[in-house]
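This briefing goes through the structure shown below by topic. Please keep the sequence and the model open while reading.

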Amino acid sequence: MNIVILCKIWNHKKVVEILQALRAQELRVRGVVALAAPPSRTTFAQAVRKAREHGVAPMLAHFFSNPVDRDEHLHEFVAVNGVHPTAALRSRNGQLHLENNLRPQLTIAEYARQHQIEMTCVEDLNSPTCAAVLQHMRTDILLFGGVPIIRANILAVPKICTLNVHMALLPEFRGMNVAEWSIFNGAAVGVTVHQVDAGVDTGAILYREKIDVADCGTIAAMRVKVSRQQHLALAQCTRLLIENKLTPTPQHKAEGKQYYFMHEKLKKIVERRLAKGYQGNLDR
Amino acid sequence: MAALRTMAKQLRNLLEARLYRPSHLRIGLQDYFDLRTPARALQSTPIHLSAAIDWLGRAQDANGDGGVAARYRFSHGWTASYPETTGYIIPTFFNYATFIRDERYRQRALRMADWLLSVQHENGAFPGHDVSQKGEPRVFNTGQALLGLVRAFRETGKEIYLQAGLRAGDWLVAMQEANGTWNKFAYYQRPHTYYTEVDWPLLELFATTQTVSYYEAAAKHLNWTLPHQQPNGWIDKCGFRDDAAPFLHTIAYTIQGWLESGAILQPEQPVKNIYVQAALRAAEALLHRYEIRGFMAGQFDRSWQGTVTYSCLTGNAQTAINWLRLYELTRDARFLNSALKLNDYVKSTQDLKNNNPGTRGGIKGSQPVWGRYISYSYPNWAAKFFADALMLEVKLLRELERQEERDEYRHSLQNLES
């Protein structure tokens with residue numbers, strides 16, 4: 001059974017976690033196909049676009065800020081450990097550096113090398129090149145590890161199916177920031193593993209799991225917890241699918257809603273509920 | 001040829017814009033480099049709100065007649081007072097007076113209402129255009145003036161406002177065609193679906209007087225509009241002239257007309273009302289398009305694709321109001337979420353520091369200022385809708401806060417009991 005992961009090359013933590021979860025399920029991954037080169041350098045054109053999108057002031061603030069403050073792993077660390085960034089990072093010499101545990105232990109490439117997993121980078125995940133690579137790997141099951149919208153030419157390649165894991169319970173919450181929207185709407189937080197079709201989060205559901213986030217306290221901590229759980233669920237479902245122990249349940253679009261990025265003012269409400277030990281309606 | 005004409009017009013507008021004035025140049029440069037205020041640097045909502053209201057106050061004082069100047073133009077400064085929009089600015093000032101508990105804004109609203117009485121035609125109609133031109137009667141403008149008169153009557157109980165309102169209402173009923181449309185004295189002498197915004201004031205008059213003829217006229221037109229909605233929520237005939245790609249301004253008018261009419265006709269269960277349902281379909285389609293693209297275009301085509309790269313700020317503020325009202329009616333927080341983003345966008349274009357009283361705190365017709373909708377101008381209706389949107393935003397967020405507090409209190413009581 002050839003399992004292939006489709007991902008972005010800079011999503012180290014997420015993809016390595018998925019790979020580790022699959023390994024724990026004794027599943028061997030045939031290959032990883034990654035979208036190449038994140039926008040590591042800001043070109044002049046990108047700078048102008050960013051300035052147009054966000055204004056000049058945040059760009060200047062970003063430019064003059066400490067790189068450590070911009071590191072998403074650092075924020076995750078703080079979310080989990082509750083330690084102030086400066087306190088966590090300042091070494092005995094008084095100089096800033098990143099703790100080892102703030103960085104993922106491994107990059108995707110390192111992990112792939114260690115476990116003899118074939119890895120290929122492509123310029124565009126929807127390109128014919130990407131489809132050819134997937135065909136070359138004789139993909140049976142394609143797993144999404146955090147990707148943009150993938151078109152039909154790619155979805156047609158896997159012989160069995162394509163799976164994605166979603167950060168909320170489907171069909172109720174489709175789209176973006178869905179864990180936050182679940183809390184805002186007083187519903188249970190959870191994860192859903194589903195097959196991928198041409199729509200956004202509309203494929204048949206394979207597995208749903210509710211997650212207790214009462215101990216999370218913040219959105220960042222909640223996202224870390226749900227994220228870990230969703231990788232485990234994806235691996236578990238892949239195994240059950242191979243063993244033919246899962247029955248897909250078609251989604252009815254009308255049973256849910258499509259959500260979009262949440263405004264900061266609403267996020268504050270979500271933060272407050274989490275700080276007070278949000279329990280949600282785990283029966284819903 | 002048409003493209004050449006458009007270019008010539010744009011060039012003429014640019015030359016007339018008096019960009020040698022520092023305040024105008026500043027806005028031109030800000031828009032050229034898109035130096036809007038970043039989201040995190042925005043002031044609190046009441047500061048943006050009071051700046052818009054102050055601008056409207058200056059627009060009222062510009063001519064000294066009690067009416068509100070139609071717009072501040074880069075080319076000629078303040079224009080003459082405009083009956084149509086003065087009409088619907090009246091409720092905004094009454095609401096703001098209550099909002100900050102300041103009687104002065106109420107007095108301003110009453111001065112506007114008194115001025116309206118002075119420009120009403122003998123047959124009950126109100127003129128199109130601002131009062132510098134000899135405006136012939138206009139259906140839409142009369143409807144908007146009616147909104148202000150009804151509100152002035154409700155606030156004061158003075159019969160004079162009601163009588164003027166009744167005459168305006170009677171004229172609207174008399175001008176209506178048998179099929180429910182208005183052609184005569186309509187914009188470009190043709191029927192428009194955005195005249196749902198005339199149905200709403202007629203229904204307000206009906207709610208005040210219980211005179212059935214106003215209800216019948218409104219219902220007849222509303223029923224004419226419904227079949228013009230397509231399955232994707234799009235509304236035909238909702239443009240001034242260009243129905244292929246109408247301004248967001250008139251799309252939002254149509255939605256608001258449906259929404260407010262439905263809310264009056266079925267106050268117990270507005271969401272079940274057919275007009276509210278129509279508004280919901282269109283508003284939801286617009287919301288999806290906005291969120292996917294991350295930008296609200298100034299004009300749309302029948303498939304809800306934005307056809308231009310500028311934003312119609314008036315339409316943005318109106319759409320935010322529609323979404324906030326829909327949140328209020330449906331409690332679907334997606335509407336609140338998108339309205340907050342759209343309000344932030346308009347806030348980011350509001351210049352709070354400009355030395356020019358004609359631009360400080362006002363809202364441009366378009367972003368950038370040379371966009372096709374009311375180019376190089378600050379129309380009073382943009383500031384009016386923006387102020388309405390912000391007041392509604394504050395009200396709904398306060399309600400949400402109170403609800404949170406109640407839930408927390410209930411939760412802590414349950415914990416104590418257990």
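A residue is called buried here when its relative accessible area is under 20%, exposed when it is over 50%, and partly exposed in between. By that cut-off, 61% of the 418 residues in chain B are buried. The model is a predicted one.

**Chain B overall**

- Chain B contains 14 helices and seven strands.
- With a radius of gyration of 21 Å, against 22 Å from the globule rule for 418 residues, chain B is as compact as a globular protein of that length.
- Along the principal axes, the C-alpha atoms of chain B fill a box of roughly 75 × 50 × 45 Å.
- Chain B exposes about 17,000 Å², and carbon and sulfur atoms supply 52% of that area.
- Of the contacts in chain B between residues at least 6 apart in sequence, 67% join residues at least 24 apart.

**A three-stranded sheet in chain B**

- Three strands of chain B form an open sheet in the order β2-β1-β7, with antiparallel pairing.
- The edges are taken by β2 (77-78) and β7 (377-379) of chain B; each has a single partner strand, so one side of each has no neighbour in the sheet.
- Strand β1 of chain B (residues 71-73) pairs with β2(B) over two bridges, in the antiparallel sense.
- Across this pairing, Tyr72(B) stands opposite Trp78(B) in β2(B).

**Nonpolar cores**

- The largest nonpolar core has 185 residues, and Ile5(A), Met222(A) and Trp323(B) touch the most other members.
- Helix α14 of chain B (residues 380-417) gives this core its largest share, 13 residues.
- A second, separate core has 19 residues, among them Met137(A), Val147(A), Val157(A) and Val196(A).
- Leaving out residues up to four places away in sequence, Met222(A) touches Ala179(A), Glu180(A), Ile183(A), Val189(A), Val213(A), Cys216(A) and Leu274(A).
- In soluble globular proteins, nonpolar side chains tend to be buried together.

**The interface between the chains**

- Contacts link 25 residues of chain B with 23 residues of chain A.
- The two chains, B and A, bury about 2,000 Å² between them, with 54% of it on carbon and sulfur atoms.
- On the chain B side, Arg334(B), Asn337(B) and Glu404(B) lose the most area to chain A, together 26% of what that side buries.

**Backbone details**

- The peptide bond between Leu170(A) and Pro171(A) is cis, with omega about 10°; Pro171(A) sits in the loop between β5 (161-166) and β6 (173-175) of chain A.
- In chain B, the bond from Gln367(B) to Pro368(B) is cis, with omega near 0°, and Pro368(B) belongs to the loop between β6 (366-367) and β7.
- Tyr188(B), which is not a glycine, has a positive phi near 60°. Tyr188(B) lies in the loop between α7 (159-175) and α8 (196-209) of chain B and is partly exposed, at 38% relative accessible area.
- Gln210(B) is also not a glycine and has a positive phi of about 60°. Gln210(B) is in the loop between α8 and α9 (212-225) of chain B, and its relative accessible area of 52% makes Gln210(B) exposed.

**Arg138(A)**

- Arg138(A) is located in the chain A loop between α7 (128-136) and β4 (141-145).
- Its relative accessibility is 57%, so Arg138(A) counts as exposed.
- Apart from neighbours within four places in sequence, Arg138(A) is in contact with Asn2(A) and Lys159(A).
- Between Arg138(A) and Leu125(A), the separation is 13 residues in sequence and 17 Å in space, C-alpha to C-alpha.

Note on methods
Residues numbered from 1 in each chain as written. Chains lettered and ligands numbered in written order. Predicted model: local features only at pLDDT ≥ 70, side-chain atom pairs only at ≥ 80, totals over all residues. Heavy atoms only, no water. Helix = DSSP H or I, 4+ residues; strand = E, 2+ residues; numbered from the N terminus. Buried < 20%, exposed > 50% of the residue type's maximum accessible area, 1.4 Å probe, protein only. Contact = heavy atoms within 4.5 Å. Pairing = 2+ DSSP bridges. Core = buried A, V, L, I, M, F, W, Y, C linked by side-chain atoms within 4.5 Å. Rg over C-alpha atoms; globule rule 2.2 N^0.38 Å. Areas by Shrake-Rupley, 256 points an atom, 1.4 Å probe, with all protein chains shown as cover. Buried area = accessible area lost by both parts, 1.4 Å probe.
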